[in-house]
Amino acid sequence: MQPLAISHFAIVNALGAGSRAVTAALLAQRSGLVPCDFESVALDTYIGRVPDLESRAVRPELGAYDCRNNRLAQWGLELDGFADGVAAARERYGAARIGVFVGTSTSGILETELAYRHRDPLTGLLPPDYRYTETHSVYSLAAFVRAYLGLRGPAMVVSSACSSSAKVFGNAERMIAAGVCDAAVVGGVDTLCLTTLYGFHSLQLTSPRPCRPFAAERDGISIGEGAGFALLERARSQARVARVLGVGESCDAYHMSAPHPEGLGARLAMRRALESAGLDPGDIDYINLHGTATPSNDAAEDRTVVQLFGDATPCSSTKGATGHLLGAAGITEAIICVLAMEQGVMPGGANTDCVDPRLKSNYLVENRAAGLRRVLSNAFGFGGSNCAVVLEAAG
């Protein structure tokens, strides 16, 4: 693929709002996970909750879109000068030449969950002010982002569970390469809701403690929420903070919720990402692992990383810090990789004190200062929907 420049980005999650806050938390190896206190949920688990989100509302003229998911999307768009960067790009290319490709898992399903509490007791009808299209539908996120930024280019939403906002990099690359658009806003947003918290608990996948990826005693995930966005342009653009060199995708469809035990689909995605970037495994300085902290996922990913990269390439998962952001995980961790390259640090895995001795990859427990040129970020979703993205530092 032709490299794409990341000229602007924005991030918000349980670690903080904006790249400065998130960077400070990563450097301090601080976790944003707290005991679950969301809505009426009565579960013994930890979550990565974005503080004060309830007190925010979308802009009045976009009030029809008001829901937790779009509130978090708006907060992300307001951070790090992102909206201003998109406005400048809109002047360069035109509003119809900038695409919007975003990922989410459950979108605004919380709005429907809350509406069900207020059904008419006689008819069962949902409240008259409930708006499925603008708040719950998967496409509502793209529609909101497009309207907020004043864009008119192609728009779509990827909902492939936890790989959603990694796969949008591939969508954007293909649309730009085809000449359909000149630039693209890519991103992802997922927010806490009853469906994911109770759903993952019913699958026995949530931990009663802050999640510990790759730890010997790992026992499940901690669900979080977050938003991340990046503006992609052709790499000849002079305003850039990093480059997307390659994207690799696969779908092994081994099982609805469990990975292939040998990591076949994951390895195919990583190999395709390297081929797309024209690189060899030895060209990668650091790997951001999907690293969910479930026994089977971490074991499968470890096996495939060692098979492809050997046991020397440093790697870690940042989910111990942010929680698992589901549809927002891919973009969040790609941006964290950019921050890591800017800071010259490989982030150690928060909450993991002792790595499982059965796992053979070079998992970092502590931060490690190092010049990073190229990194690879993994995102693997339910049904074996896998994606890997190769990023390169600016300069």
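# Briefing: cores, helix contacts and salt bridges

Leaving aside neighbours within four places in sequence, Leu-391 is in contact (heavy atoms within 4.5 Å) with Ile-6, Arg-243, Val-244, Ala-334, Cys-337, Val-338, Met-341, Arg-373, Arg-374 and Val-375. The structure is a predicted model, in which local features need pLDDT of at least 70 and side-chain atom pairs count only at pLDDT 80 or more, while totals for chains, interfaces and linings use all residues. Residues are numbered from 1 along each chain as its sequence is written, and side-chain values use heavy atoms, with hydrogens and water left out.

**Nonpolar cores**

- Leu-391 is among the residues with the most contacts inside the largest nonpolar core, which has 44 residues; the others named are Ile-6, Phe-169, Val-186, Leu-232, Val-244 and Met-341.
- Helix α12 contributes the most to this core, with nine residues.
- A nonpolar core here is a set of buried Ala, Val, Leu, Ile, Met, Phe, Trp, Tyr and Cys residues joined through side-chain atoms within 4.5 Å; buried means under 20% relative accessible area, exposed over 50%, and partly exposed in between (1.4 Å probe, protein chains only).
- In soluble globular proteins, nonpolar side chains tend to be buried together.

**Ile-335 in helix α12**

- Ile-335 belongs to helix α12, residues 329-343; helices (H or I, at least four residues) and strands (E, at least two) are DSSP runs, numbered from the N terminus.
- With a relative accessible area of 2%, Ile-335 is buried.
- Beyond its neighbours within four places in sequence, Ile-335 is in contact with Phe-9, Ala-10, Ile-11, Gly-228 and Phe-229.
- From C-alpha to C-alpha, Ile-335 and Pro-314 are 18 Å apart in space, and they are 21 residues apart in sequence.

**Helix packing**

- Helix α2 (residues 68-78) and helix α6 (residues 140-149) have axes that come within 10 Å and cross at roughly 40 degrees; axes are lines fitted to C-alpha atoms, for helices over the stretch in contact, and angles run from 0 to 180 degrees between N-to-C directions.
- On the α2 side, the contact is made by Asn-69, Asn-70, Ala-73, Gln-74, Leu-77 and Glu-78, and on the α6 side by Ser-140, Leu-141, Phe-144, Val-145, Tyr-148 and Leu-149.
- The residues of this contact divide into seven nonpolar, four polar and one charged; Ala, Val, Leu, Ile, Met, Phe, Trp, Tyr, Cys and Pro count as nonpolar, Asp, Glu, Lys and Arg as charged, and the others, Gly among them, as polar.
- In helix α4, the buried residues are Ile-109, Leu-110, Thr-112, Glu-113 and Ala-115, and they pack against α2, α5 and α8 (194-202).

**Salt bridges**

- The structure holds 24 salt bridges, each being a side-chain nitrogen of Lys or Arg within 4 Å of a carboxyl oxygen of Asp or Glu.
- The side chains of Glu-39 and Arg-117 form a salt bridge at 3.2 Å, N to O. Glu-39 lies in the loop between β3 (34-35) and β4 (46-48) and Arg-117 in the loop between α4 (109-116) and α5 (132-136), so the pair ties together parts 78 residues apart in sequence. Glu-39 is partly exposed at 41% relative accessible area, and Arg-117 is partly exposed at 43%.
- Glu-233 and Arg-92 are joined by a salt bridge of 2.8 Å, N to O. Because Glu-233 is in strand β9 (residues 226-234) and Arg-92 in helix α3 (residues 82-93), the pair ties together parts 141 residues apart in sequence. Glu-233 is buried at 1% relative accessible area, whereas Arg-92 is partly exposed at 49%.
- Arg-97 and Asp-182 meet in a salt bridge of 2.9 Å, N to O. This pair links distant parts of the chain, 85 residues apart: Arg-97 is in the loop between α3 and β5 (98-103), and Asp-182 in the loop between α7 (164-177) and β7 (183-190). Arg-97 counts as partly exposed at 28% relative accessibility, and Asp-182 as buried at 18%.
- Asp-37, Arg-49, Glu-54, Arg-68 and Glu-225 are linked in a salt-bridge network.

**Positive phi outside glycine**

- Asp-52, although not a glycine, has a positive phi of about 65 degrees. Asp-52 lies in the loop between β4 and α2 and is exposed, with a relative accessible area of 55%.
- Ala-161, also not a glycine, has a positive phi of about 60 degrees. Ala-161 is found in the loop between β6 (155-158) and α7 and is buried, with a relative accessible area of 18%.
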